[in-house]
Amino acid sequence: MNDPRTHQCDAYAENLSELALGILTGRERAATLAHVDICAHCAEELEQLARAADAVVRVAPEAEPPMGFEVRLFERMGVADTPPRRRGTARRLAATPRWALAVAAAVVALAIGLSIGWNTGPNRGPGPTALTHVHAPEVAAADLTDHGRPVGRVVTYGGSNPWMVVMLADAAGNGLVTCEVVTANGVTHTVGTFTARDGYGSWGAALRVAPHDVRKALVVSSNGRVIGTAALS
Amino acid sequence: MIDSGSSDEALLAGMAMGDQAAAVAFVRRYQRRVFGLAYSMTSDSSVAEEVAQEALIRVWRHAPVFDHRRGSVTSWVLTITRNLTIDALRMRRATPTDPDDFAASAMISLEHNPEDAVARGDISDVVRTALGDLPAEQRRAVVLAAVYGRTALEISEEEAIPLGTAKTRIRTGLIRLRAAVERLRDAEEEHR
């Protein structure tokens, strides 16, 4: 098969990637575009490179927008009488009975209270890493530790819309960290990412696995190091 | 009838015709991706919300002019989001998320069996895996160019490297990502 490239192609090959990424400017851009217009080989190269370039933004992880996002957006769009949202935080809260919200609030309050006590209380030693059941049977809490050193706390809330709250305090993570849970069958599930600032941060998210099935929670730093582990068994 | 199971193209067409149910379904399908991209680029929830709202408003307004021959709905929506985020960062003179952190958060969200990404036909995981396989300096250059819209000259200045080195990193990295994306397309062709 004949090579469809022309002797000019080599001169423009260097620029095709930047053209595909939309970052080529000025004369180089104009000249490369003019060549692509008359060269089927480079046009095909450009198309493939552009597909790869466009795909890079797809790698960003999904994240739940803040509470009320949808309401504010639909107001701006003039969309009225929206049908109930089937998935996501806002609908989960709307669909959650008041007693469940109260329990969730209590969980957060309890977790924060435990966290504060553990940070500032007189008995500052490492807390128990085993599961601590509190009053509601579907609520569980455990300390996060890093080689035995307490670095935060995990609280899960069951019910029909499971939640998880993670708090970090004096952990070895800064920037983006990810929370994972390991279920009884040994499978690891990513719950989501959040930002820790100098080892501190708190975060809540919907839990897509049954809390009673969770055996372990992990917080992993952006370089892949596990900076906190909690045993939930 | 348009509902939450309709294709992206059908929802956009419905939005273009003023169908509120289509708009609601589209927003609910895309809001996590749009907000996730803006947040990954800014590490700032309030900026990300502002950008995500504006991006979805623009998609809604411009739905009538979407041309599916020029690319997928997902690429269009995420490109709008990316461009608005870049503008928001520039206007605020805010520091964007470090490209290494952006890439790390992407790879963290990779499923635990990345080798199956091609079999699953998941382009996001295919690119995540390919991005993770790049040498760090190429990965950084590709993220700076493809996500943050930095030119080769800007990358050379920011990274304190010669312009030729910046161009080579961008080109080599993108060519390797292209190979991964084309393998996925070939696999999809075989299944047809």
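Guide: Helices here are DSSP runs of H or I with at least four residues and strands are runs of E with at least two, numbered from the N terminus. This is a predicted model, in which local features need pLDDT of at least 70, side-chain atom pairs count only at pLDDT 80 or more, and totals for chains, interfaces and linings use all residues. Residues are numbered from 1 along each chain as its sequence is written, with chains lettered from A and ligands numbered from 1 in the order in which they are written.

The axes of helix 1 and helix 3 of chain A are 8 Å apart, at an angle of about 30° (lines fitted to C-alpha atoms over the stretch in contact, with angles from 0 to 180 degrees between N-to-C directions). Helix 1 of chain A is therefore roughly parallel to helix 3 of chain A (under 35 degrees; over 145 is roughly antiparallel, 65 to 115 roughly perpendicular, the rest oblique). Helix 1 of chain A brings Cys9(A), Tyr12(A), Leu16(A), Ser17(A), Leu19(A), Ala20(A) and Leu21(A) to this contact, and helix 3 of chain A brings His41(A), Cys42(A), Glu45(A), Leu46(A), Leu49(A), Ala50(A) and Ala53(A) (C-beta atoms, placed from the backbone, within 7 Å). By class there are 11 nonpolar, 2 polar and 1 charged (nonpolar: Ala, Val, Leu, Ile, Met, Phe, Trp, Tyr, Cys and Pro; charged: Asp, Glu, Lys and Arg; polar: the others, Gly among them).

Helix 3 of chain A also takes part in the contact between the chains. That contact takes 45 residues from chain A and 57 residues from chain B. On the chain A side, helix 1 (9–21), helix 3 (40–56), helix 4 (69–77), strand 5 (175–183) and strand 6 (188–196) each supply at least two residues. Helix 3 of chain A gives the most, with 8 residues. The side of chain A that touches chain B holds 22 nonpolar, 12 polar and 11 charged residues.

Helix 4 of chain A packs across the two chains. Its axis and that of helix 3 (residues 45–62) of chain B come within 10 Å and cross at roughly 40°. Helix 4 of chain A and helix 3 of chain B are therefore oblique to each other, and the crossing is right-handed. Phe69(A), Arg72(A), Leu73(A), Arg76(A) and Met77(A) of helix 4 of chain A meet Glu49(B), Gln53(B), Leu56(B), Ile57(B) and Trp60(B) of helix 3 of chain B. This contact has 6 nonpolar, 1 polar and 3 charged residues.

Within chain B, the axes of helix 2 (residues 20–42) and helix 4 (residues 73–92) come within 10 Å and cross at roughly 35°. Helix 2 of chain B passes helix 4 of chain B in a right-handed crossing. Among the residues that meet are Tyr30(B), Val34(B) and Leu37(B) in helix 2 of chain B, and Val77(B), Leu78(B) and Thr81(B) in helix 4 of chain B.

In chain A, confidence is highest in helix 3, at 94, and lowest in strand 1 (residues 132–133), at a mean of 37. Over residues 86–137 of chain A, pLDDT stays under 50. Where pLDDT is low, the predicted coordinates should not be read in detail. Chain B averages 89, with 92% of the residues at 70 or above. For the complex, the predictor gives an ipTM of 0.89 and a pTM of 0.64.

Technical notes:
Two residues are in contact if their C-beta atoms, placed from the backbone, lie within 7 Å. pLDDT is the predictor's confidence in each residue, from 0 to 100. A crossing is left-handed if the near helix is turned anticlockwise from the far one by less than a right angle, and right-handed if clockwise.
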